[in-house]
Amino acid sequence: MELATFGAGCFWCVEAVFQNLNGVEKVESGYTGGRIANPTYKEVCSGLTGHNEVIQLTFDPAVISFEELLEIFWKTHDPTTLNRQGNDVGTQYRSGIYYHNEEQKRLAEGYKQKLNEAHAFDKPVVTEILPAGPFYKAEDYHQNYYNQNGSQPYCQFVARPKVEKVKALFADKLKAGV
């Protein structure tokens with residue numbers, strides 16, 4: 001098993017995007033990249049700690065590769081907006097890949113370069129690619145959020161379209177029954 005850590009806006013949406021994929025064994029919402037240990041959601045939302053809302057997933061590379069995870073990452077958020085995703089604004093919503101080994105770094109940097117060279121987006125990709133630092137698991141009520149709160153307006157209008165996009169584009173990578 002390997003780890004992957006991604007920031008792509010609110011972790012509720014990012015968690016929902018990845019948790020139904022074959023080969024993904026566990027997805028946890030949390031924080032990385034900040035200046036204090038064990039931050040709270042309230043502290044991170046203040047924008048003063050420097051943390052990013054991220055998900056850390058445990059995956060089986062024999063079932064789903066890091067490259068496949070990167071493809072899903074790039075296609076399910078806007079990597080061209082600095083410190084925002086849609087209406088969520090602040091440094092805690094920045095696009096980021098936090099690599100756990102040199103192979104992940106190489107693949108992430110190469111993919112980002114190809115996207116920019118191909119002008120895949122109207123603006124340059126601003127996703128930060130940094131070594132994985134300490135990961136602080138978010139409070140329990142943030143875990144499995146979309147599945148437990150899917151009828152809430154935020155989930156319906158922000159998370160659900162991303163989940164539906166994954167189902168449409170990556171149906172062959174979904175767990176049975178999803």
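Student: How many aromatic pairs does the count come to?
Tutor: This is a predicted model. Rings pair if their centres lie within 6.5 Å. By this rule the count comes to nine.

Student: Are the rings of Phe-6 and Phe-66 stacked, edge-to-face or tilted?
Tutor: The ring centres are 6.0 Å apart, and the planes stand at 20 degrees. Planes under 30 degrees apart count as stacked. So the pair of Phe-6 and Phe-66 is stacked.

Student: Which parts does the pair of Phe-6 and Phe-66 tie together?
Tutor: The two residues are 60 residues apart in sequence. Phe-6 lies in strand E1 (residues 2-8), and Phe-66 lies in helix H3 (residues 66-75). So the parts tied together are E1 and H3.

Student: Are Phe-6 and Phe-66 buried or exposed?
Tutor: Buried means under 20% relative accessible area. Both Phe-6 and Phe-66 are buried.

Student: What kind of pair do Phe-11 and Tyr-31 form?
Tutor: Their rings are 5.7 Å apart, centre to centre, with 50 degrees between the planes. Stacked needs under 30 degrees, and edge-to-face needs over 60. The pair of Phe-11 and Tyr-31 is tilted.

Student: Where do Phe-11 and Tyr-31 lie?
Tutor: The pair links distant parts of the chain, 20 residues apart. Phe-11 is buried, with a relative accessible area of 0%. Tyr-31 is buried too, with a relative accessible area of 0%. Phe-11 lies in helix H1 (residues 11-18) and Tyr-31 in strand E2 (residues 24-32).

Student: Which residues do ring pairs link into a cluster with Phe-6?
Tutor: Phe-6 pairs with Phe-66 in a stacked arrangement. Ring pairs link Phe-6 into a cluster with Phe-18, Phe-66, Phe-73, Trp-74 and Tyr-111.

Student: How many Å apart in space are Tyr-93 and Asn-52, C-alpha to C-alpha?
Tutor: In sequence, Tyr-93 and Asn-52 are 41 residues apart. The C-alpha to C-alpha distance is 6.1 Å.

Student: Where does helix H6 bend?
Tutor: H6 (residues 153-169) has 17 residues and reaches 24 Å from its first C-alpha to its last. The bend is about 45 degrees, and Pro-161 follows within four residues. The bend is at Ala-159.

Student: What do the buried residues of H6 pack against?
Tutor: These buried residues are Cys-155, Ala-159, Lys-162, Val-163 and Val-166. They pack against E1, H1, H3, strand E4 (84-85) and helix H5 (145-149).

Methods
Residues numbered from 1 in each chain as written. Predicted model: local features only at pLDDT ≥ 70, side-chain atom pairs only at ≥ 80, totals over all residues. Heavy atoms only, no water. Buried < 20%, exposed > 50% of the residue type's maximum accessible area, 1.4 Å probe, protein only. Expected span 1.5 Å × (residues − 1). Bend = angle between axes of the 7 residues up to and from the residue. Contact = heavy atoms within 4.5 Å.
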